[in-house]
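Reader: I have a model on my screen and want to learn how to read it. Can we go feature by feature?

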Amino acid sequence: MKLNNLLRKGIAEMMGVMIFVTSIIASGLLVATGNPIRNIAIGGTLTLMILITATVSGAHLNPAVSLFMFARKSIDLSTLVVYWIAQLLGAYLGLNLGCMIAGTTVSPSTAIDIPPTGPVVGEVLATTVLILIIVRLSTTKREAIVPFAVGLWVVVASSFTLTGAQANPAVTFALLVRDNFAQHHLLIILAEFGGALLALLYILLLDSGKKNKK
């Protein structure tokens, strides 16, 4: 069956995000808190989803990455909208699938009474570096290691951020739905998009430096 090219890309984004979020939700319910196996499982899942979807949609699997690519004019507005819809739908499906695998229902997590500063700063950093890894490796002919570098960053950054280095508005959206729009999830989503814009500024400065040398 032939599908519209943009629809094919949207389906790839939806499936990739769905399985990634499934791994986050299910491992959170099945693996003991603090167990490094969980971080490895999540990073490994993301690596595999990037490998699977890269040749179809470019493996954004992240609304912040898609926004960055739109700002860089790598994708047009219609593609951005389709990707965002697909990514959020995938996150919602992943939330429910993860709970189903773990044998439970979608229910709010226990609220953590901490100031939002730490989570927000951590997500800005995690998202900024995530996008810089993707862009710098892709533009220096090292695309083949992008999936592994991204997976490694997720594993590493999750160990020193209060949020577990979500670095992905689609992931945070799933948690937002789970927690009935409570806690600091909206601020975290803004922080993740802010990280994308910081990455864009940094890349523009690097590109500007190269032009000045010519």
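Author: Begin with a definition. A salt bridge is a side-chain nitrogen of Lys or Arg within 4 Å of a carboxyl oxygen of Asp or Glu. Keep in mind that this is a predicted model.

Reader: How many salt bridges does the structure hold?

Author: The structure holds one salt bridge. Its partners are R178 and D179, whose side chains meet at 2.9 Å, N to O.

Reader: Are R178 and D179 buried or exposed?

Author: Buried means under 20% relative accessible area. Both R178 and D179 are buried.

Reader: What about charge across the chain as a whole?

Author: Take the mean position of each kind of charge. The chain has 14 positive and 8 negative charges, and their mean positions are 14 Å apart.

Reader: Let us step back to the fold. How many helices and strands are there in the chain?

Author: There are eight helices and zero strands. Read along the sequence, the pattern is α-α-α-α-α-α-α-α. The radius of gyration is 17 Å, close to the 17 Å that the globule rule gives for 214 residues, so the chain is as compact as a globular protein of that length.

Reader: What does the C-alpha trace span along its principal axes?

Author: The C-alpha trace spans about 60 × 50 × 30 Å.

Reader: What share of the residues count as buried?

Author: Of the 214 residues, 44% count as buried. The accessible surface of the chain comes to about 11,100 Å². Carbon and sulfur atoms account for 69% of that surface.

Reader: How should I read contacts along the chain?

Author: Ask how far apart in sequence the partners sit. Take the contacts between residues at least 6 apart in sequence. Of these, 74% join residues at least 24 apart.

Reader: Which residues is T22 in contact with, leaving aside its neighbours within four places in sequence?

Author: T22 is in contact with S27, G94, L97, G98 and I101. Now try a distance. T22 and S74 are 52 residues apart along the chain, and their C-alpha atoms are separated by 28 Å.

Reader: Where are A59 and K73?

Author: A59 is in the loop between α2 (36-57) and α3 (63-71). K73 is in the loop between α3 and α4 (77-101).

Reader: Is A59 buried or exposed? And K73, buried or exposed?

Author: A59 has 11% relative accessibility, so it counts as buried. Exposed means over 50%. K73 is at 77%, so it counts as exposed.

Reader: Show me two other loop residues. Where is T161?

Author: T161 is in the loop between α6 and α7 (169-178). With a relative accessible area of 11%, T161 is buried. T161 and G122 are 39 residues apart in sequence, and 5.3 Å apart in space, C-alpha to C-alpha.

Reader: And where does E143 lie?

Author: E143 lies in the loop between α5 (117-138) and α6 (146-157). At 47% relative accessibility, E143 counts as partly exposed.

Reader: Which residues does E143 touch, not counting those up to four places away in sequence?

Author: E143 touches L137 and S138.

Key:
Residues numbered from 1 in each chain as written. Predicted model: local features only at pLDDT ≥ 70, side-chain atom pairs only at ≥ 80, totals over all residues. Heavy atoms only, no water. Helix = DSSP H or I, 4+ residues; strand = E, 2+ residues; numbered from the N terminus. Rg over C-alpha atoms; globule rule 2.2 N^0.38 Å. Buried < 20%, exposed > 50% of the residue type's maximum accessible area, 1.4 Å probe, protein only. Contact = heavy atoms within 4.5 Å. Areas by Shrake-Rupley, 256 points an atom, 1.4 Å probe, with all protein chains shown as cover. Lys, Arg positive; Asp, Glu negative; His and termini not counted. Charge placed at Lys NZ, Arg CZ, Asp CG, Glu CD.
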